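Here are a few notes from a colleague to read alongside the model. Keep the viewer open and look up each spot as you go.

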Amino acid sequence: MLKVLQINKFLYPHQGGIESVSESIIEALEDTNLELFNICFSNNKDFPSRKNVKRFFSRFTFFSQPISLSYMLFIFRNLKKFDACIVHFPNVLALIALIFSKSNKIFIYWHSDIHQQNIVLRKLFYTFEKILIRRSYKIIFATDAHRTGSVHSFKNEKSLSIPYTLNNEEAAGKTFTRRIQKRSNKENIIFIGRLVEYKGVAFLIKALKNMSFKLSIIGSGPLEEKLRQISKNQSNIKFLGRVEDLESIFETASMLILPSINKAEMFGIVQIEAFARGIPVISTLIEGSGVPLINANSLTGYLAKPGSDQSLRECLKKFDSNKDTFDSNAIRNYYLENFSNNAFKQNLIEALYSD
């Protein structure tokens with residue numbers, strides 16, 4: 001039996017794009033002859049225990065990196081017990097631990113470069129990354145932009161493409177069926193995500209001024225109060241916070257908008273969440289990001305200029321004029337052909353067993 005260690009920053013109940021990918025890997029390998037063990041950080045000592053998951057409590061973070069010496073020591077002491085490991089980058093503590101550890105196969109799932117540390121730290125960590133990249137067996141990318149948009153040069157023989165998938169594909173299919181059985185309100189648009197600067201929600205709010213669309217903002221974050229102030233005179237915008245039953249939100253939505261402004265958004269899993277339910281998307285043409293590679297312009301939605309409320313507004317007007325041209329079945333099939341659970345599982349297993 002092949003034993004695999006997955007090295008994560010966080011796992012459920014934490015929510016986020018990389019956490020979603022980690023959960024997809026857990027689901028993909030559940031009913032296989034591979035044995036998967038997971039480690040992650042935790043900022044809460046009271047999280048319930050979970051099969052094959054070891055959490056390491058972190059009291060504080062440094063430049064968005066959770067800190068735990070026990071986490072690093074576990075990797076250093078136990079990595080050799082596993083036939084392979086999958087580590088999600090960026091993760092500075094895992095990077096340092098892996099450099100001083102031994103493993104047969106290291107798979108790096110490259111989600112993005114390190115952006116948030118100061119320039120001196122970035123250069124130091126880039127040097128460490130180069131060492132680990134040379135030692136790694138394969139580097140996994142969700143899109144070609146994850147590879148070409150990096151500061152590193154990756155050898156073709158080490159590059160492997162495995163696009164992200166969803167953890168809730170079955171629920172998405174049921175919502176899709178309900179949506180096509182009834183006509184949704186064409187004015188209901190949604191944003192789902194953290195309320196942080198790079199998500200560009202302020203530009204979306206400005207774009208909707210004096211428009212008939214109704215926007216539901218699902219999520220929370222440090223910019224929430226500022227965004228509420230910006231939209232205080234716009235009755236067509238509602239802040240719903242964190243919503244447990246997202247299917248009820250997707251069921252009545254006519255479009256999802258992802259107005260992100262820079263490469264901190266490298267994929268936008270929420271885009272394929274929408275596609276799986278037959279919902280078109282307005283996202284942005286972020287240079288060097290995989291976001292515009294995921295949204296097939298005019299088939300699954302439209303692409304706006306990042307950081308431009310005027311461009312978002314033009315896309316909304318275009319959608320309003322052409323909303324009946326989007327085929328929910330075609331959008332759903334686009335998801336199934338490119339991002340399905342089965343495709344993800346097959347690609348992952350093939351990679352882990354490759355020589």
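1. Start with Pro90, which sits in the loop between strand 6 (84-89) and helix 3 (92-99). Bear in mind that this is a predicted model. The peptide bond joining Phe89 and Pro90 is cis, and its omega is about 10°.

2. Another cis peptide bond runs from Tyr12 to Pro13, with omega near 20°. Where does Pro13 lie? Look in the loop between strand 1 (2-7) and helix 1 (17-28).

3. Now turn to strand 1 itself. How many of its six residues are buried? The count is five, so strand 1 is mostly covered. From strand 1 the chain passes through helix 1 and on to strand 2, and this β-α-β crossover is right-handed.

4. Strand 1 has strand 2 as a partner: the two run parallel and are joined by six bridges. To find one of these pairings, pick Ile7, whose bridge partner in strand 2 is Ile39.

5. Strand 1 also pairs with strand 6, again in parallel, and here four bridges join them. For this pairing, look for Val4, which has Ala84 as its bridge partner in strand 6.

6. Next comes a backbone angle worth checking. Asn52 is not a glycine, yet its phi is positive, at about 60°. You will find Asn52 in the loop between strand 2 (34-42) and strand 3 (53-57). Its relative accessible area is 34%, and because that value falls between the 20% and 50% cut-offs, Asn52 counts as partly exposed.

7. Asn210 also has a positive phi, about 65°, although it is not a glycine. Its place is the loop between helix 7 (201-207) and strand 11 (214-218). Is Asn210 buried or exposed? Its relative accessibility is 75%, which is over 50%, so Asn210 counts as exposed.

8. Finish at Ser311, a residue of helix 12 (residues 309-322). Why does Ser311 count as buried? Its relative accessibility is 9%, and buried means under 20%, so Ser311 qualifies. Which residues does Ser311 touch, if you leave aside its neighbours within four places in sequence? They are Ala304 and Lys305, both in contact with Ser311.

Notes. Residues are numbered from 1 along each chain as its sequence is written. This is a predicted model: local features need pLDDT of at least 70, side-chain atom pairs count only at pLDDT 80 or more; totals for chains, interfaces and linings use all residues. Side-chain values use heavy atoms; hydrogens and water are left out. Buried means under 20% relative accessible area, exposed over 50%, partly exposed in between (1.4 Å probe, protein chains only). Contact means heavy atoms within 4.5 Å. Two strands pair if DSSP finds at least two bridges between them. A crossover is right-handed if, with the strands pointing away from the viewer, the path from the first strand over the helix to the second runs clockwise.
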